[in-house]
Amino acid sequence: MSTAGRGPLRLGTRKSLMAMTQSRLVADALSQRTGHAVELVGVTTEGDVSKALLAQIGGTGVFVNGLRDKLLSGEVDFAVHSLKDLPTAPADGIALAATPPRDDPRDALCGPAKLADLPRGARVGTGSPRRVAQLRALRPDLDVVPIRGNADTRLRKVTDGELDAVVLAFAGLKRIGRLEAVAEVFEPDQMLPAPGQGSLALECRSDRAELRALLGTVDDPATRAAVTAERTVLAVLEAGCSAPVGTYAAEVEEKLHLTATVAAYDGTRQVRLSASGHPERAEELGRELANRLLAQGADQLMGERDIEPR
Ligand SMILES: NCc1[nH]cc(CCC(=O)O)c1CC(=O)O
């Protein structure tokens, strides 16, 4: 195929502004490292076509599967995903070839005021149970409103006056050039991000060894250790992207520090634990922390649900 200099590498990407921007970033980094030209190939996935489908199956993997099909059929050579959108279960025939250096993993409040300055009962929109639970823990008086749609659509609900604020991933806002909307960035001690948030994932067919090595030139081992620990927590909890699970891992002085929370939707209870260890033990660290969360009632908290995103 095109791995050894015969024509550009074909990068399959969703066509949204966020996806195109992050794909272009990866394409540029890869060209710089390897000298290979990279061509973006826009792919329409089921998740882009059908909102009904997205609601029905909860979003897990719909964006990802369409791109994986193109990898397996050989229509594209590799794909770039937001890592937090990747299901934790490995996919047959697909390899996670690289996790580039992570962008800012934090969540951001977008609107006219910081969280503490929003009026009592202010309407704050988010589609994520993880954000719902942690927002309610911080400000039980808020009216947390479930919303869907891309970042632009969500931000418009604030400018239209339908909502007082929305919570979105800082990295995504940066990629679409909307950081001016940010009123406050939440530190992990206030709100733990989604596992893998702010990170990208490069996938290709697992049988293409040469291509995997080439893509591996943009891999960042510290990012990989961190997101491995975070995603293992999610996998062991058997929770998906729609679970009230927040995690954050980072390497400090060659040690990996991991914090994870499982929170009740009503914000009244939260289990939150931390652990640290050698980055090579990222997976074990995640597994051990998840088991400790379960021992403290995490499964019961995850089973509770009081709002459905619309
Ligand atoms: N769920 C959609 C999604 N997938 C990745 C990002 C943001 C970028 C990232 O986390 O890497 C977003 C939007 C958001 O949560 O605000």
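These are my notebook entries on a predicted model.

**Domains**

I began with the domain assignment. It gives domain 1 (9-101 + 199-219), domain 2 (107-185) and domain 3 (232-303). I looked up the C-alpha centres of domain 1 and domain 2, and they lie 28 Å apart. The contact between them takes 5 residues from domain 1 and 5 residues from domain 2. On the side of domain 1 that touches domain 2, I found 2 nonpolar residues, 3 polar and no charged.

**Ligand**

Next I asked which residues surround the ligand. They are Ser82, Lys84, Asp85, Ala151, Leu168, Ala169, Ala171, Gly172, Gln197 and Gly198. I sorted this shell into 4 nonpolar, 4 polar and 2 charged residues. Strand S8 (165-169) and helix H7 (170-175) each supply at least two of the shell residues. Domain 1 and domain 2 each give the shell at least three residues.

**Core**

I then turned to the largest nonpolar core, which has 83 residues. Phe78, Cys110, Val166, Leu202, Leu215 and Leu237 have the most contacts inside it. Helix H9 (residues 221-236) gives the most to this core, with 6 residues. I followed up Leu237. Leaving out residues up to four places away in sequence, Leu237 touches Ala243, Val245, Val262, Ala290, Leu293, Ala298 and Met302.

**Helix H9**

I checked the length of H9. Its 16 residues, at 1.5 Å a residue, should span 22 Å. The end C-alpha atoms are 22 Å apart, so the two agree. I listed the buried residues of H9 too; among them are Thr223, Ala225, Glu230, Arg231 and Leu234. What covers these buried residues? The cover includes strand S11 (245-252), strand S12 (255-263) and helix H10 (282-295).

**Positive phi**

Last, I looked at backbone angles. Most residues other than glycine have a negative phi. I noted exceptions. Glu253 is not a glycine, yet has a positive phi of about 50°. Glu253 lies in the loop between S11 and S12. Is Glu253 buried or exposed? I counted 5 other C-beta atoms within 10 Å of Glu253, so this residue is exposed, as 12 or fewer is the cut-off. Glu254 is also not a glycine and has a positive phi of about 65°. Glu254 is placed in the loop between S11 and S12. I found 8 other C-beta atoms within 10 Å of Glu254, so Glu254 is exposed.

Note on methods. Residues numbered from 1 in each chain as written. Predicted model: local features only at pLDDT ≥ 70, side-chain atom pairs only at ≥ 80, totals over all residues. Core = buried A, V, L, I, M, F, W, Y, C linked by C-beta atoms within 7 Å. Buried ≥ 20, exposed ≤ 12 C-beta atoms within 10 Å, placed from the backbone. Helix = DSSP H or I, 4+ residues; strand = E, 2+ residues; numbered from the N terminus. Contact = placed C-beta atoms within 7 Å. Near = placed C-beta within 6 Å. Nonpolar A, V, L, I, M, F, W, Y, C, P; charged D, E, K, R; others polar. Domains from an automatic or database assignment. Expected span 1.5 Å × (residues − 1).
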